[in-house]
Amino acid sequence: MPPRHHVLVVGGGIAGLALAATLDPRRVRVTLVEERPERAGAGTVLAMWPGGRRALETIGGGERARAASFPVRAGTLRAADGSVLQQRRIPGLWFTPRADLVAALEAALPPQVERLTRGVTDPRALATEVGADLVVGADGVRSVCRQHAVEGSAPVVTDWIALRGHLPGPPVTTATEWWGPGGLFGQTPGPQGAAWFCAVRADHGSATVDPEEAIALSRGHLGDWDATVREILTAVGDAADAQRVLVAPPLRSSADEGLVLIGDAAHAMSPNLGRGANEALVDAVVLAEEIHRRGPKGAPGAYSRRRHATGQALRATAGIALHLATTRRGARWRDRALRFVPGDGAGGG
């Protein structure tokens with residue numbers, strides 16, 4: 001018997017691939033549309049927490065992703081001058097190269113998934129064209145699906161620029177972050193020895209960023225920080241991926257009539273919590289469960305009830321955490337909060 005339902009997934013990144021890989025092809029026909037498939041694996045490494053890893057096991061990409069990942073047992077949080085704010089064990093954390101995570105999801109896709117390479121301007125019209133019962137917006141922070149369903153839901157352009165890259169050299173086995181006024185910096189294990197990331201405050205401007213200008217800006221902002229930070233920024237030269245940080249606006253619901261949002265389309269957040277990929281994977285698993293249980297009509301509301309509050313809370317929390325990490329006023333509250341976070345002396349820079 002042919003599948004009873006047909007789902008159109010708009011967006012072929014982590015969220016869209018995860019959903020397409022999880023839906024049972026005997027019950028659900030899937031059409032996956034992505035304008036630029038080559039972008040899906042771009043980036044450095046992603047923090048994978050236990051919840052995201054459990055979702056990945058359900059999807060079927062856990063073993064392949066695990067083989068490419070770098071486990072971390074401890075982490076250190078430092079002030080801008082290098083002094084230790086917190087050291088603690090962080091069992092169960094992986095850093096997974098984004099390209100390898102995408103490859104694991106691609107390998108888990110059933111062969112029955114139909115792929116389209118095209119831009120989408122009207123997702124509901126496309127659903128009618130292909131005969132789909134439900135549209136799933138998995139198309140990221142700039143989501144056309146979200147803006148089509150919710151008036152005034154264009155992405156919020158922040159005054160932050162995020163940079164990331166690889167640093168060849170000896171393997172790094174711990175994760176370290178530096179927090180200070182106007183920025184944060186981090187180093188984690190990566191496939192070339194280390195991966196680094198940086199966020200610096202900049203004036204509101206274009207959503208596009210010139211990498212060389214962003215590197216120069218970060219060196220200026222962090223020029224009097226810990227020597228390790230300065231050395232890394234010098235060593236990377238001008239090789240960096242730089243992006244203006246965009247976040248999703250607050251939403252009352254992740255579901256609309258015949259349409260549901262997952263991943264960054266629903267709750268794109270500032271990257272400092274390292275939760276974006278994890279929440280996208282969990283979203284996909286939960287939505288697939290509800291589609292299997294309730295079909296395309298009942299699934300959006302049930303999914304929204306299970307996942308919407310969590311996604312919106314994390315989106316808001318990420319913004320608060322960035323404020324606490326990078327402002328002088330926030331640092332007073334940060335230092336009080338860290339007193340209640342247990343540390344056991346593990347880790348190191």
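Q: Which residue in β12 stands opposite Ala162?
A: Opposite Ala162 stands Gln243 of β12. The model is predicted, with residues numbered from 1 along each chain as its sequence is written. Local features need pLDDT of at least 70 and side-chain atom pairs pLDDT 80 or more, while totals for chains, interfaces and linings use all residues; side-chain values use heavy atoms, without hydrogens or water.

Q: What makes β8 and β12 a pair?
A: Two strands pair if DSSP finds at least two bridges between them. Strand β8 (residues 156-168) and strand β12 (residues 241-247) have six bridges, in the antiparallel sense, and therefore count as paired. Strands (DSSP runs of E, at least two residues) and helices (H or I, at least four) are numbered from the N terminus.

Q: How many bridges join β8 to β11?
A: Nine bridges join β8 to the antiparallel strand β11 (residues 193-201). Within this pairing, Trp160 has Arg201 of β11 as its bridge partner.

Q: Why are β3 and β12 called edge strands?
A: The open sheet of eight strands has the order β3-β5-β4-β9-β10-β11-β8-β12, with mixed pairing. Both β3 (45-48) and β12 have a single partner strand, so one side of each lacks a neighbour in the sheet. From one strand to the next, the twist averages 30 degrees.

Q: What joins β4 to β5 in the antiparallel sense?
A: Eight bridges link strand β4 (residues 70-79) to strand β5 (residues 84-97). One example is Thr76, whose bridge partner in β5 is Gln87.

Q: In which sense do β1 and β2 pair?
A: Strand β1 (residues 5-10) and strand β2 (residues 28-33) pair in the parallel sense over six bridges, with Leu8 opposite Thr31 in β2. Helix α1 (residues 14-22) packs on this sheet and touches β1, β2, β6 and β7 (134-137), at about 160 degrees to the direction of β2. Contact means heavy atoms within 4.5 Å; angles, from 0 to 180 degrees, lie between N-to-C directions of axes fitted to C-alpha atoms, for helices over the stretch in contact.

Q: Where does α10 kink?
A: The kink of about 130 degrees lies at Gly295, shortly before Pro296. The bend is the angle between axes fitted to the seven residues ending at a residue and the seven starting there.
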